[in-house]
Amino acid sequence: MSETLDSAIKRCIRLGATQAEVFKTDEVGMNIVIEKKQVKLGQVKRDRGMGIRVLVKKDEGASTGFSYVTDFSRTTVTEAVEKAVTTAKVKRADKDLKSFQEKARTSKVANIFDKRIPRTDPSDLIEIGRSMLEEACKDSRVSTVSGSVHAGFGETSIANSLGISGSYKSTAFDGHMYVVTESGGSVGVGWETHSSTHYESEKLVAVAGYAAETAVRQLNPRPLEPGTYDVVVDQDGLADLFMNTLVQQVRADLAQRNQSPLTGKIGSEIASGNVTLMDDPTVPKALGSKPFDSEGCPTRQRPIVERGILRTFLHNSYTANKEGIENTGNSMRYIMFGTRSEYALEPIIGPHNLVLKPGKGGRDDLIREVRNGILVRGFIGAHTSNVQSGDFSLALDCVFRIENGNLTFPVKQAMIGGNMPGILGQIRLAAANTRQVTMGPGMALISPTIMIEKLTVAA
Amino acid sequence: MRIAEKAVSLCERLGADYADARVERTYSTDIRLMKDTFDQVASGADQGLGIRVLYRGAWGFGSSTSLGLSDVSRTVRGAFKAAKATARHTKEKARLAEISPVKDVVRATVKDPMESVPINRKMKLALQTSEEATKVDKRIASVTVTYSDSSGETCLATSEGARLTGRPSRGSIVIVAVAREGAKVGTIRERNGMQAGFELFERIDPLGLARRAAEKAVKLLRAVPVPSGRFTVIADQKLAGVFAHEAVGHASEADHVITGESVLKDKVGKRVGSDLVTMYDDSTYPDGWGSSQYDSEGVPTKKRLIIEKGFLRGYILNRETAAELNLDPNGGARAQSFAYRPVVRMSNTYLTAGGHSFEELLEGVDSGVYLKGSRGGQVDTTKGTFQFSAEEGVLIEKGQLTKPLSDVSLSGLTLETLVNIDGLANDFQINIGLCGKAGQVVATGMGSPHIRIKNAVVGGK
């Protein structure tokens with residue numbers, strides 16, 4: 001006998017839970033791996049599982065317990081429910097824990113399902129991979145090319161004993177290309193990524209061309225004088241830095257525990273006036289768009305930072321109940337290091353689509369405004385940032401020198417040090433080249449290239 | 001084993017040249033405690049199949065968490081289809097180095113099986129550990145304790161006839177202590193773990209780890225920023241172990257070597273470090289966090305010599321890279337779980353001990369920096385560059401440890417750094433870690449004695 005969401009919830013209540021919630025994902029994915037200038041491997045993946053959460057009410061407050069299964073047999077589910085109920089009983093009561101998500105009207109689903117994707121065959125992805133390779137290998141200095149193409153579709157469902165019951169379908173399509181060039185003893189590296197919910201093969205081919213172009217331009221790097229520079233940062237680097245600093249700092253759970261430098265700063269200026277950062281789960285084709293969060297709370301668009309002013313922290317049902325305020329619907333299931341299926345994780349807090357308001361002009365126009373600076377594609381070691389103090393010290397990846405508005409030469413090795421949210425006050429310019437990059441499962445940064453003024457760069 | 005054998009024989013019927021199937025069932029416990037509050041307690045029951053197919057030199061891989069007959073068949077056929085579609089275009093055909101297939105049953109020595117220890121006992125252990133750190137000093141503002149264990153059954157069947165059954169079991173504990181005084185914050189992470197049953201927690205002394213983490217965090221409150229520049233650096237066992245793993249170990253992975261993404265490419269037999277440098281990647285290290293008797297391809301593992309007295313001696317190999325480089329496979333293929341294909345991975349990577357005492361390394365350092373611990377690090381194996389953030393730093397002046405330093409990082413060129421190692425102490429230590437590669441995380445050991453590096457790049461703010 002196989003268990004369904006409803007029967008699992010009933011089992012929880014029968015075994016002693018006051019409330020119960022079951023979150024299920026069922027995904028089918030397919031990807032190809034490009035190595036050594038050829039398509040090396042096709043993979044198919046079916047991943048389904050149920051995360052079971054129970055709430056046990058106590059004299060003062062309540063406790064939760066969690067377990068997950070990928071085997072839906074009655075025996076395994078029963079064992080899992082028993083462990084979750086035991087966990088909840090053993091935990092000391094949390095007086096701030098009131099309830100799981102109450103039933104609410106759900107929002108509309110943005111366009112996040114591309115019906116071409118379930119019909120995709122491994123051979124389609126291989127064809128895209130071959131076009132990417134062709135595009136990447138045009139220059140004779142290209143020595144190594146690796147990359148990937150991935151397509152996936154799935155369904156996310158949630159139900160709880162308070163009457164929440166819903167599901168939505170979504171698709172994903174993404175890829176990356178990593179190119180190494182060699183010439184006269186010098187080595188250059190370039191890379192690029194593309195992610196969407198929709199089948200956009202031509203964008204992946206463009207990715208390959210861009211990665212190769214960068215790798216060629218990274219040849220014969222020169223050292224950089226340590227000093228103060230204006231730093232232009234592309235989306236991938238920004239997403240990495242944000243995810244490891246700002247995203248964590250706006251989590252209400254961390255703020256409530258005093259683990260964010262933004263605690264108590266609602267209504268205060270934390271960024272320069274040109275910074276507006278929204279969380280927008282309604283953007284079409286965006287990786288983080290969804291009608292409800294991982295507890296079943298309806299999602300909606302809302303500003304986090306509005307013209308430099310911190311407007312809200314991101315909440316889930318627990319943190320919102322604790323403060324007696326509206327739940328922002330930001331319950332997410334992810335971990336910071338490694339990969340784990342969403343059903344295997346208890347909900348924490350995260351953004352859906354973090355949207356940074358674009359400025360004017362293209363990326364080239366922005367670079368033209370910079371007198372003395374560098375262009376940075378990515379960071380190495382953003383995960384070593386200190387969330388609580390906001391301090392970070394990062395090695396830079398794929399760096400070009402900018403002198404008087406022109407990209408002049410590739411830079412050998414450089415590091416920056418800074419502080420988040422400190423650098424938000426130094427954001428002076430943004431281009432209009434909005435692009436989405438992934439920040440984790442169900443999370444995206446939608447942002448232009450930006451310029452951060454006067455950062456300390458060590459060579 | 002029946003499901004694995006069925007999957008392999010279906011591949012053979014479809015026309016595969018080679019296939020292997022791994023079927024696993026894993027019970028896991030993850031507990032995270034923040035001070036005295038349980039933040040996460042998760043019990044997991046994972047099961048699944050991973051099937052790898054080689055068809056005319058091209059790979060296909062499939063995995064499924066559903067083991068129903070029709071899902072298994074669909075996954076196997078999907079993997080075969082992927083291999084077949086890939087095969088049409090591959091120029092360089094994948095080959096596997098010859099091995100003699102093994103039939104064996106491997107059991108970890110377990111006294112107290114993880115899955116029979118009730119969850120409340122594990123929760124209590126986490127709580128006691130947290131209390132131990134909290135009571136060290138009033139300035140300890142937060143303590144996070146992460147307890148993890150996993151145990152279960154694994155089996156591997158290959159079309160060549162290998163049949164391996166394992167009963168792995170491991171557990172670890174991580175303590176993050178944060179001290180606070182005014183605006184000053186000091187954060188320290190300590191962790192340890194082992195492959196054994198629940199009894200391992202008596203051997204690794206979680207309470208001692210907790211005290212150490214808290215004491216170090218408090219010490220960091222006195223730390224001052226470090227000036228950036230080139231210094232003589234002494235790295236402790238943890239940081240040097242991370243350097244061995246990240247900077248050198250990743251570059252010695254044969255897949256990186258073959259694709260050209262390694263500074264150690266074409267360097268076997270050549271000098272890559274000073275005479276003092278000897279490095280192993282050792283799957284046989286007793287009770288090691290990254291140890292295993294067989295790798296994920298069913299190949300018996302060994303102690304691999306990577307660098308001998310400064311000369312590069314070998315790489316970490318799986319069967320495919322061994323065939324390509326015309327070398328004997330050395331059991332270096334690992335997969336995070338059934339859901340991932342095996343890739344070339346490290347096990348326990350370490351620099352061997354030298355003959356000096358720590359004090360002797362300090363002597364003669366006129367102006368330097370002593371760096372301890374690591375907040376993580378990353379490398380570019382192609383360019384041979386690295387950057388690691390240390391947990392603690394201490395200024396060295398005229399051979400003496402003087403001021404504590406905050407938020408210090410070490411960066412540089414891997415090969416230059418190996419040549420600049422001019423002293424190793426006799427205080428070897430191995431630590432546990434998690435290593436990410438190809439989207440997979442595996443347990444690895446990282447070891448080293450204290451090492452001294454001339455002319456290293458230290459960054460601060």
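How many aromatic pairs does the rule count over all chains?

1. The count comes to 14 aromatic pairs over all chains, where rings of Phe, Tyr and Trp (its six-membered ring) pair if their centres lie within 6.5 Å, with planes under 30 degrees apart called stacked, over 60 edge-to-face and the rest tilted. One of them is the tilted pair of B:Phe358 and B:Tyr370, with 5.0 Å centre to centre and 45 degrees between the planes. This pair links distant parts of the chain, 12 residues apart, from helix 9 (residues 358-362) to strand 17 (residues 367-372) of chain B; helices (H or I, at least four residues) and strands (E, at least two) are DSSP runs numbered from the N terminus.

2. This is a predicted model, in which local features need pLDDT of at least 70 and side-chain atom pairs count only at pLDDT 80 or more, while totals for chains, interfaces and linings use all residues. Residues are numbered from 1 along each chain as its sequence is written, chains are lettered from A in the order in which they are written, and side-chain values use heavy atoms, with hydrogens and water left out.

3. The contact (heavy atoms within 4.5 Å) takes 66 residues from chain A and 77 residues from chain B.

4. Across the interface of chain A and chain B the rule finds 10 salt bridges, each a side-chain nitrogen of Lys or Arg within 4 Å of a carboxyl oxygen of Asp or Glu. A:Arg92 and B:Asp36 meet through their side chains in a salt bridge, at 3.2 Å from N to O.

5. Strand 3 (residues 62-69) of chain A pairs in the parallel sense with strand 2 (residues 37-55) of chain B over 4 bridges, where pairing requires that DSSP finds at least two bridges between two strands. A:Val69 stands opposite B:Ala45 in strand 2 of chain B.
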